[in-house]
Amino acid sequence: MKCTQNGTFTEGKLQPYGPVELSPSSGVLNYGQGLFEGLKAYRKEDGSILLFRPEENALRMKSGAERMCMPSPTVEQFVDAVKLTVLANKHWVPPVGKGSLYIRPLLIGSGPILGLAPAPEYTFLIFVSPVGNYFKEGLAPINLIVETDFHRATPGGTGGVKTIGNYASVLKAQAIAKAKGYSDVLYLDSVHKKYVEEVSSCNIFIVKGNVISTPELLGTILPGITRKSIIQVARNQGYQVDERLVSVDDLLDADEVFCTGTAVVLSPVGSITYHGKRVEYGHRGVGVVSQKLYCALTDLQKGITEDNMGWTMELN
Ligand code: PMP
């Protein structure tokens with residue numbers, strides 16, 4: 001789908017997966033004017049396909065586009081394009097229990113621009129790929145390191161939107177952590193350097209007693225759709241869920257810690273290392289609360305339990 005300066009995207013078309021032609025002076029290649037989304041399609045027992053809250057991805061892309069001076073497709077255009085792409089690739093949606101189809105919508109400044117300014121033309125495209133577990137650990141607990149030398153986002157920056165540059169900025173910290181054997185990096189706020197923000201590609205929750213807490217959205221954290229869903233699912237199950245400042249001390253003192261995201265779904269955290277000190281959770285097993293919320297969410301996403309929230313969209 002293409003759009004020029006008038007802000008309206010024209011009808012798109014399906015085309016085989018392959019290289020995308022771009023001007024060397026396109027906004028995305030030169031100034032990082034790009035956003036992406038990520039969502040998944042699951043196969044149900046009866047063979048039909050379920051999408052999970054695709055309108056939320058459309059709305060997040062819309063608000064990100066506003067921040068990045070880009071026009072965006074309407075919610076309807078976004079969801080219709082996702083449906084069309086998934087249906088055209090339905091043979092790639094794995095059977096029940098064998099993973100899911102990851103859907104990657106991209107919005108890029110594709111028009112040429114030399115001086116620093118928003119591009120004159122935009123392209124919205126979607127590609128898909130079957131996927132299994134994001135972390136090699138699967139549902140087994142992951143090991144995180146709290147990063148104190150690098151930050152993912154700063155107040156007033158673009159940490160709260162899903163722009164491509166945010167991911168380039170975490171590559172180095174992530175590579176260092178992985179080389180040391182950690183699964184991923186947990187970032188702190190860049191002002192006080194003591195409040196937990198998020199992991200490179202997922203949000204974080206802590207459990208203490210019957211209370212679940214997660215860092216509040218102050219512009220530097222991505223408003224995860226899984227985060228929002230887990231908050232609701234946990235409240236429905238009677239847990240108190242607080243969105244608040246979560247300090248490193250709160251984190252290290254928690255009974256359970258878990259991460260949420262489309263790719264990671266809900267990943268329990270087995271250990272956190274901070275300034276060389278390693279804290280382990282739940283004897284490195286999956287915590288009771290993490291396990292309960294994981295099952296509640298995934299049963300809903302896969303159509304195993306009835307969807308009373310109206311979050312799933314069935315495609316035939
Ligand atoms: N934070 C970051 C930085 C992410 O890239 C993601 C993945 N989109 C998330 C959190 C989780 O968001 P969601 O639950 O919408 O996938």
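Biologist: Where is Lys193?
Modeller: Lys193 sits in the loop between strand S8 (184–188) and strand S9 (196–199). Strands here are DSSP E runs of at least two residues and helices are H or I runs of at least four, numbered from the N terminus. Keep in mind that this is a predicted model, where local features need pLDDT of at least 70, side-chain atom pairs count only at pLDDT 80 or more, and totals for chains, interfaces and linings use all residues. Residues are numbered from 1 along each chain as its sequence is written.

Biologist: Is Lys193 buried or exposed?
Modeller: Lys193 is exposed, because 10 other C-beta atoms lie within 10 Å. The cut-offs are 20 or more for buried, 12 or fewer for exposed, and partly exposed in between, with C-beta atoms placed from the backbone.

Biologist: What about its phi?
Modeller: Lys193 has a positive phi of about 55°, although it is not a glycine. Most residues other than glycine have a negative phi.

Biologist: Switching to Cys69: where does it lie?
Modeller: Cys69 is in the loop between H2 and H3. Cys69 also has a positive phi of about 55° without being a glycine. It counts as partly exposed, because it has 13 C-beta neighbours inside 10 Å.

Biologist: OK, and which residue does UniProt list as N6-(pyridoxal phosphate)lysine?
Modeller: The unreviewed UniProt entry lists Lys162 as that modified residue, in the numbering used here, though annotations may be inferred rather than shown by experiment.

Biologist: Where does Lys162 lie?
Modeller: Lys162 is in the loop between strand S7 (142–147) and helix H4 (164–168). Lys162 counts as buried, because it has 24 C-beta neighbours inside 10 Å.
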